[in-house]
Each structure stands twice: as structure tokens, then as C-alpha cells.
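I opened this entry to record the overall fold first and one surface feature second.

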Amino acid sequence: MRWLDRFPLGLLIVVAAWLAVAPVYPEPHLVEKLRMLTQGSLTRPIDIFDLLLHTVPLVLLAVRLWRDARRRATGPD
């Protein structure tokens, strides 16, 4: 996971935020795909790929922030 620690946090925030709301009109893909997932209509491979594409940067950002917070709480390695 050191590669994630070396990745610039600002860039990760920008990419995660951008893919979370892209495209803004008519509705962000992430919202659309999560709605499809809850309704049980997320069955096409392209839709599943799209959900992963828009979700992975948010997950990476969450992991990075969690690792940074844990590192601050326990001190340097």
C-alpha cells in the first residue's frame, strides 16, 4: 500500500471528486448506477464496469485518508 501513500493526495481528491459527479447533467453516473444496484437492474457488464470506474477513486481516497489518520495517531513508522 506504499504506492497509495506516495500518490499525491491533492490529485487523488480531484480525481475522486470529478468521477463522483461526472457527468453532472442529467445525473451523475455514480448516482444512476447505485440506484440501478439497489433496484436490482444493474446487470449489463458495461454498467458494472461504469460503477467500478466511478467508485474505485472514492475507495482509494477513503483508504488513503484512513491510513494517514492512523499514521498520525500512532506516530511515524
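I worked from a predicted model, where local features need pLDDT of at least 70, side-chain atom pairs count only at pLDDT 80 or more, and totals for chains, interfaces and linings use all residues. Residues are numbered from 1 along each chain as its sequence is written, and side-chain values use heavy atoms, with hydrogens and water left out.

Fold. I looked up the elements and found 4 helices and 0 strands, in the order α-α-α-α from the N terminus. The radius of gyration (over C-alpha atoms) is 15 Å, well over the 11 Å from the globule rule for 77 residues, so the protein is more spread out than a compact globule. That rule is 2.2 Å times the number of residues to the power 0.38. Along the principal axes, the C-alpha atoms fill a box of roughly 45 × 25 × 20 Å. Helices here are DSSP runs of H or I with at least four residues, strands runs of E with at least two, numbered from the N terminus.

Contacts. I took contact as heavy atoms within 4.5 Å. Among contacts between residues at least 6 apart in sequence, 61% join residues at least 24 apart.

Surface. I noted that 26% of the 77 residues count as buried; buried means under 20% relative accessible area, exposed over 50%, partly exposed in between (1.4 Å probe, protein chains only).

Tyr25. I placed Tyr25 in the loop between helix H2 (9–21) and helix H3 (29–39). Tyr25 counts as exposed because its relative accessibility is 73%.
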